[in-house]
Amino acid sequence: MKGLDLAKGYYEEVVRPMLEKDFPQLVPVIAAGLVGEGSECFGYDDDLSRDHDFGPDICLWLTEEAFGQAGPALAQAYAALPDSFRGYRRKPAGPEAAHRRGVMSVNSFYRRALGGIEEPLTTLDWFKIPQGALATATNGEVWTDPAGLFTARRELLMYQYPDDVRRKKCASRLAQMAQSGQYNYPRALRRQDMGSAYLALAEFVNHALAVLFLLNDRYMPFYKWRFRAARDLAQLHEVYEALLIIAVQGNSGADGPNPPLMVEAICEDVGQAVADRYALDQRDAFLIPLAEDLAASVSDPALKKLPLLFDIE
């Protein structure tokens, strides 16, 4: 049983009848679904991931007006519903998970998911939202939304970053790939500073994954699910496999490909993909010149002022 299927069944068989019977006046302004934090919202849940949040639980999103008028009463009625369904029990929500499921307003959901921004209105708003936050806000399923308010906000976010924002983020991550993987990683190895080498390699893998997601017009999720989500990327799947190998092998001395050489090969492949997408010349094997050219192609004045290496994780 996948969490999304369990939640949808719970909505159709338990929650919706309660809404239609006890809150008919709210039905036209309630959106229902399962979106947000948790492996089940991404469809990645398995037996090991059922230790928190998994169970017969959904999200009910109300307009601000409806939430102000009937939110507490609806929340009380929802809490009183059976917490067991198809052999699974709803787990008590801890302080951190208390606002992930149940009754909430549309604005409060997006404000929490996007780190205080209810709706990005400017390029800087978009830039400030991490990929992981946007992945969380656009995953899962929405089963009904007669008012369309929740869906409209969701579809705005699903259209991906504005072009200038994507260019700036991609330029930053390219520069950080160069700094961590092409510069600091081999220097740490030459010094035999293995702790720094491990950290530099981990930084490189993370930034390379960020570029891959940007090239595929996808939002990179929480670190726990990045490699799992990368399996679905259409471009540069060979790079994903190489990243997985160096992430596992690192500097362990295990037989197999040489991590420093793999870093350079990945930089070449990723750099060429970026150059092709944005009609740039890959002038150097070192990625900094390409990152500088891409940053220079950004037209938004506020983004052009930001340092090359700066991005929001």
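The model is predicted: local features need pLDDT of at least 70, side-chain atom pairs count only at pLDDT 80 or more, and totals for chains, interfaces and linings use all residues. Residues are numbered from 1 along each chain as its sequence is written, and side-chain values use heavy atoms, with hydrogens and water left out.

Axes are lines fitted to C-alpha atoms, for helices over the stretch in contact, and angles run from 0 to 180 degrees between N-to-C directions. The crossing of α4 and α7 is right-handed (the near helix is turned clockwise from the far one by less than a right angle; anticlockwise gives left-handed). On α4, the contact (heavy atoms within 4.5 Å) is made by V106, N107, F109 and Y110. On α7, L149, F150, R153, R154 and L157 take part. The residues of this contact divide into six nonpolar, one polar and two charged. Here Ala, Val, Leu, Ile, Met, Phe, Trp, Tyr, Cys and Pro count as nonpolar, Asp, Glu, Lys and Arg as charged, and the others, Gly among them, as polar.

The crossing of α9 and α12 is left-handed. From α9, the contact uses L201, F204, V211, L212, L214 and L215. From α12, the residues are V263, I266, C267, V270, A273, V274 and R277. They divide into 12 nonpolar, no polar and one charged.

The chain also holds an open sheet of four strands, in the order β5-β2-β1-β6, with mixed pairing. Strands β5 (102-105) and β6 (141-144) stand at the edges with a single partner strand each, so one side of each is left without a neighbour in the sheet. Neighbouring strands are turned by 30° against each other on average, direction ignored. Two strands pair if DSSP finds at least two bridges between them. Strand β1 (residues 30-34) pairs with β6 in the antiparallel sense over three bridges. In β6, T144 is the bridge partner of A32. Helix α1 (residues 3-22) packs on the sheet and touches β1, β2 (59-62) and β6. The direction of α1 makes about 25° with that of β6. Helix α4 (residues 106-113) also packs on the sheet, touching β2 and β5, and its direction makes about 90° with that of β5.

Strand β2 pairs with β1 in the antiparallel sense over four bridges. I30 stands opposite L62 in β2. Strands β2 and β5 pair in the parallel sense, over four bridges. In β5, V103 is the bridge partner of L60. In a regular strand the side chains alternate between the two faces of the sheet. Both faces of β2 are covered, with C59 and W61 on one side and L60 and L62 on the other, all buried (under 20% relative accessible area, with exposed over 50% and partly exposed in between; 1.4 Å probe, protein chains only).

Overall, the protein chain has 14 helices and six strands (DSSP runs numbered from the N terminus: helices are H or I, at least four residues, and strands E, at least two). Of its 313 residues, 51% count as buried.
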